[in-house]
Amino acid sequence: MASGLPKPHSLDHETFFIPYIFIACFGLSLLSTLAFASTFTGTGNDDTKGRKNDLFTEILRDEAVMRLNELGKVSDADGYLERTFMSLASVTAGNVIRRWMEDAGLRTWVDSIGNVHGRVDGMNPSSQALLIGSHLDTVVDAGIFDGSLGIVSAISALKILNMNGKLERLKRPVEVIAFSDEEGVRFQSTFLGSAAIAGVLPVSALNISDKSGVSVQDVLKENSIDTTEENLFQQLKYDPDTVWGYVEVHIEQGPVLEKVGLPLGVVKGIAGQTRLKVTVRGSQGHAGTVPMSMRQDPMAAAAELIVLLESLCRCPENFVSYDGHCNGLPVDSLAGSLVCTVAKFLQVTFSIDLRTVDDMGREAIIYELSNRMYAVCDRRSVSCLIERKHDANAVICDPGLSSQLKSAAYTALKRIEGDIQEEVPVLMSGAGHDAMAMSRMTKVGMLFVRCRGGISHSPEEHVLDDDVLAAGLAISAFLETQI
């Protein structure tokens, strides 16, 4: 293992490992081995290419889809998918993933926050490592692709390299990480797994409790992992000097790729986020005796505020200016979403979620929005309280990594569709990902995969089998650049 990386956790091997039997059923003859060597070069006769394409389809699509469906059945609930941090289903899923990693020729271990690792050292074990990952936990009533697709695609691509004898020819170590927690469902604290690796998880996180009063530290001990505040960073934090970069494959969770008709897109950045809680208070007035000019109805005021918010987010250039420029805000990078709930008759409470890759633009919008909201409430003679509940800065993906991923995605699309004229789309991520935490330690890049209707965090979440293949081909092409 490279210097500076955590040592594998010394827990009972049977706890996290399910023995397996690998059946070599692919008939790896000398002829087929030669075919693998020409995977991305286009060389070889038609018969060789046919067997090569069959192998890619079998591993990167058919087996990958089968594995995604298998993981989708590993749940703590009956009738729907739910896997939360270090639950029985999450530990079981980790065992399954670990078995797949070893099937791909990787050395595996589970660390002291429950992340599952699979690593190959390649030709230069002391070189900086490429990390590829996503999360194995889910939301409640989840789909089967969120998180899992990124893990399965990476393992499948490395399995292809192992089968064609190229795994040990990698010029740097490659490590796949299945993060134990990204969604934050159980402990209401996102990125437990990746934040620990990046060294930004506060030691106080071990004391956070779930609804049953069980702490993070308690649940780790239940799974034979003895993690304390003292050794949290010593065992988990990676030395940034030992890491070359981090790559994550993830479903888009939006409709853009489906609209443009392409299965893959490269992520430009992950939006920063601010959550506001707005409370509007008025007074009760008789429905018939208080004139409209004297009414203090909080619902009407809140409705006007919500319309104001929508107008500002749709056309921020009409409202916001900073640095002396009226059009300084990149409008196309702004994504806003709103949830409105009615608390009681004399009070209306709603939340605002503002996201954009431009942190300065987000602050400008919040400033302008707040001023206009207060003005509306003053005019309507109601009080208005605006509270900031959450802030997260934007993350810009590394241009070099993004360029390599874009080229790999193009190679994958060309293999599937032949000559293509379209550019690989470059998208912004409105949702948070483990890459946000990992960016605190190293450069990051992300590849999005098309999902039907942009639906995610739902049983209706769906990725076409051929799009799973496209993701696997893209990661395979990217890994080829590391040989």
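Q: Is Tyr-246 buried or exposed?

A: This is a predicted model. In it, Tyr-246 has 0% relative accessibility and therefore counts as buried, since the cut-off for that class is under 20%.

Q: Which ring is paired with that of Tyr-246?

A: The partner is Phe-179. The two ring centres are 6.2 Å apart and the planes stand at 50 degrees, so the pair is tilted.

Q: Where in the chain do Phe-179 and Tyr-246 lie?

A: Phe-179 belongs to strand β4, and Tyr-246 to strand β5, which covers residues 243-251. The pair therefore ties together parts that are 67 residues apart in sequence.

Q: And Phe-179, buried or exposed?

A: Phe-179 counts as buried, because its relative accessibility is 0%.

Q: How many aromatic pairs are there?

A: The count comes to two aromatic pairs. Phe-85 and Phe-187 form an edge-to-face pair, with 5.9 Å from centre to centre and 75 degrees between the planes.

Q: What does the pair of Phe-85 and Phe-187 link?

A: It links distant parts of the chain, 102 residues apart. Phe-85 is in the loop between α3 (46-72) and α4 (88-103), while Phe-187 is in the loop between β4 (174-179) and α6 (192-198).

Q: Are Phe-85 and Phe-187 buried or exposed?

A: Phe-85 is buried, with a relative accessible area of 0%. Phe-187 is buried as well, at 3%.

Q: Which residues have the most contacts inside the largest nonpolar core?

A: They are Phe-85, Ile-97, Leu-131, Leu-158, Leu-264 and Leu-479. The core itself has 111 residues.

Q: What does Leu-479 touch, leaving aside its neighbours within four places in sequence?

A: Leu-479 is in contact with Leu-130, Ile-132, Ala-157, Leu-158, Leu-161, Leu-170 and Val-174.

Q: What does the second core include?

A: The second core is separate and has 24 residues, including Ile-306, Met-373, Cys-377 and Ile-386.

Q: Turning to charges, which ring does Lys-443 sit over?

A: The charged end of Lys-443 sits over the ring of Trp-244, 4.2 Å from its centre. Elsewhere, Arg-415 lies over the face of Phe-56, at 4.9 Å from the ring centre.

Q: New topic: where is Gln-217, and is it buried or exposed?

A: Gln-217 lies in helix α7, residues 216-222. Its relative accessibility of 18% is under the 20% cut-off, so Gln-217 counts as buried.

Q: What lies 2.8 Å from a polar atom of the Gln-217 side chain?

A: It is the backbone oxygen of Thr-227. Beyond its neighbours within four places in sequence, Gln-217 is in contact with Leu-206, Asn-207, Thr-227 and Thr-228.

Q: What about Glu-168, where is its place?

A: Glu-168 is in the loop between α5 (148-163) and β4. With a relative accessible area of 48%, Glu-168 is partly exposed.

Q: Which residues is Glu-168 in contact with, its neighbours within four places left aside?

A: Those are Val-120, Gly-122 and Met-123. Glu-168 and Met-123 are 45 residues apart along the chain, and their C-alpha atoms are separated by 6.0 Å.

Q: How many helices and strands does the chain have?

A: The protein chain has 14 helices and 13 strands. Buried residues make up 54% of its 483 residues.

Q: Last topic: what pLDDT does the chain average?

A: The average is 84, and 82% of the residues score at least 70.

Q: Where does pLDDT stay under 50?

A: It stays under 50 over residues 1-39, for which the model has 81 contacts beyond four places in sequence. Over residues 322-344 the pLDDT is also below 50, and this stretch has 50 contacts beyond near neighbours in sequence. Where pLDDT is low, the predicted coordinates should not be read in detail.

Note on methods
Residues numbered from 1 in each chain as written. Predicted model: local features only at pLDDT ≥ 70, side-chain atom pairs only at ≥ 80, totals over all residues. Heavy atoms only, no water. Phe/Tyr/Trp six-rings, centres within 6.5 Å; stacked < 30°, edge-to-face > 60°. Helix = DSSP H or I, 4+ residues; strand = E, 2+ residues; numbered from the N terminus. Buried < 20%, exposed > 50% of the residue type's maximum accessible area, 1.4 Å probe, protein only. Lys NZ or Arg CZ within 6 Å of the ring centre and 35° of its normal. pLDDT = per-residue confidence, 0-100. Contact = heavy atoms within 4.5 Å. Polar contact = N/O pair within 3.5 Å; in protein donor to acceptor, adjacent residues only side chain to side chain. Core = buried A, V, L, I, M, F, W, Y, C linked by side-chain atoms within 4.5 Å.
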